[in-house]
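Visitor: Hi! Could you walk me through this one?

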Amino acid sequence: MIGSMIVGFLIGLIASAISNRGERMGCIGKTFVGWLGAFVGQLLFGNWGPMLADTAIVPSVLGAVILLALFWNRNS
């Protein structure tokens, strides 16, 4: 449980840095985007690349970037 929270936060943090969105999202928002991004990314791109706590990092970050690009307003 704690491991998935940390991995979700790291994925959300990396995705927000790549996409330049979600600056004011906070820790909980980044963790939530990381979890959803991991789900979407592994669903779309599969399980490849480095794994951390049974989560493929590269597809998860790609999924989180997609979610941020689609649903997060740049001005908020």
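Visitor: Which residues in α2 meet which residues in α3?
Guide: From α2, the residues are Val33, Leu36, Gly37, Ala38, Val40, Gly41, Gln42, Leu44 and Phe45, and they meet Pro59, Ser60, Leu62, Gly63, Ala64, Ile66, Leu67 and Leu68 of α3. Contact here means heavy atoms within 4.5 Å. By class, that contact of α2 with α3 has twelve nonpolar, five polar and no charged residues. The classes are Ala, Val, Leu, Ile, Met, Phe, Trp, Tyr, Cys and Pro as nonpolar, Asp, Glu, Lys and Arg as charged, and the others, Gly among them, as polar.

Visitor: What kind of model is this, and how are residues numbered?
Guide: This is a predicted model, where local features need pLDDT of at least 70 and side-chain atom pairs count only at pLDDT 80 or more, while totals for chains, interfaces and linings use all residues. Residues are numbered from 1 along each chain as its sequence is written, and side-chain values use heavy atoms, with hydrogens and water left out.

Visitor: Back to the helices. At what angle do α2 and α3 cross?
Guide: Helix α2 covers residues 26-45, and its axis crosses that of α3 at roughly 115°, coming within 6 Å. Axes are lines fitted to C-alpha atoms, for helices over the stretch in contact, with angles from 0 to 180 degrees between N-to-C directions. So α2 is roughly perpendicular to α3. On that scale, under 35 degrees is roughly parallel, over 145 roughly antiparallel, 65 to 115 roughly perpendicular and the rest oblique. Helices themselves are DSSP runs (H or I, at least four residues), strands are E runs of at least two, and both are numbered from the N terminus.

Visitor: Is that α2 and α3 crossing left-handed or right-handed?
Guide: α2 passes α3 in a right-handed crossing. The near helix is turned clockwise from the far one by less than a right angle in a right-handed crossing, and anticlockwise in a left-handed one.

Visitor: What about α1 and α2, at what angle do they pack?
Guide: Helix α1 (residues 2-19) packs on α2 at about 95°, with the axes 7 Å apart. That makes α1 roughly perpendicular to α2. On the α1 side the contact uses Ser4, Met5, Gly8, Phe9, Ile11, Gly12, Leu13 and Ser16, and on the α2 side Cys27, Lys30, Thr31, Gly34, Trp35 and Ala38. By class, this contact has seven nonpolar, six polar and one charged residues.

Visitor: Let me zoom in on threonine 31. Buried or exposed?
Guide: Threonine 31 counts as buried because its relative accessibility is 11%. The cut-offs are under 20% relative accessible area for buried, over 50% for exposed and partly exposed in between, using a 1.4 Å probe and protein chains only. Leaving out residues up to four places away in sequence, threonine 31 touches Met5, Gly8 and Phe9.

Visitor: And the remaining pair, α1 and α3? What's the angle there?
Guide: α1 and α3 pack at about 55°, their axes 8 Å apart. The two are therefore oblique to each other, and their crossing is right-handed. Val7, Ile11, Ile14, Ala15, Ser16, Ile18 and Ser19 in α1 meet Ile57, Ser60, Val61, Ala64, Val65 and Leu68 in α3. That contact has ten nonpolar, three polar and no charged residues.

Visitor: Which side chain does the serine 60 side chain make a polar contact with?
Guide: That of glutamine 42, at 3.3 Å. A polar contact is a pair of N or O atoms within 3.5 Å; within protein, one must be able to donate a hydrogen and the other to accept it, and residues adjacent in sequence count only if both atoms are side-chain atoms.

Visitor: New topic: where is alanine 53, and what is its phi?
Guide: Alanine 53 is in the loop between β1 (51-52) and β2 (55-56). Its phi is positive, about 55°, although alanine 53 is not a glycine. Most residues other than glycine have a negative phi. Aspartate 54 is in the loop between β1 and β2, with a positive phi of about 60°.

Visitor: Are alanine 53 and aspartate 54 buried or exposed?
Guide: Alanine 53 is exposed, at 52% relative accessible area, and aspartate 54 is exposed at 71%.
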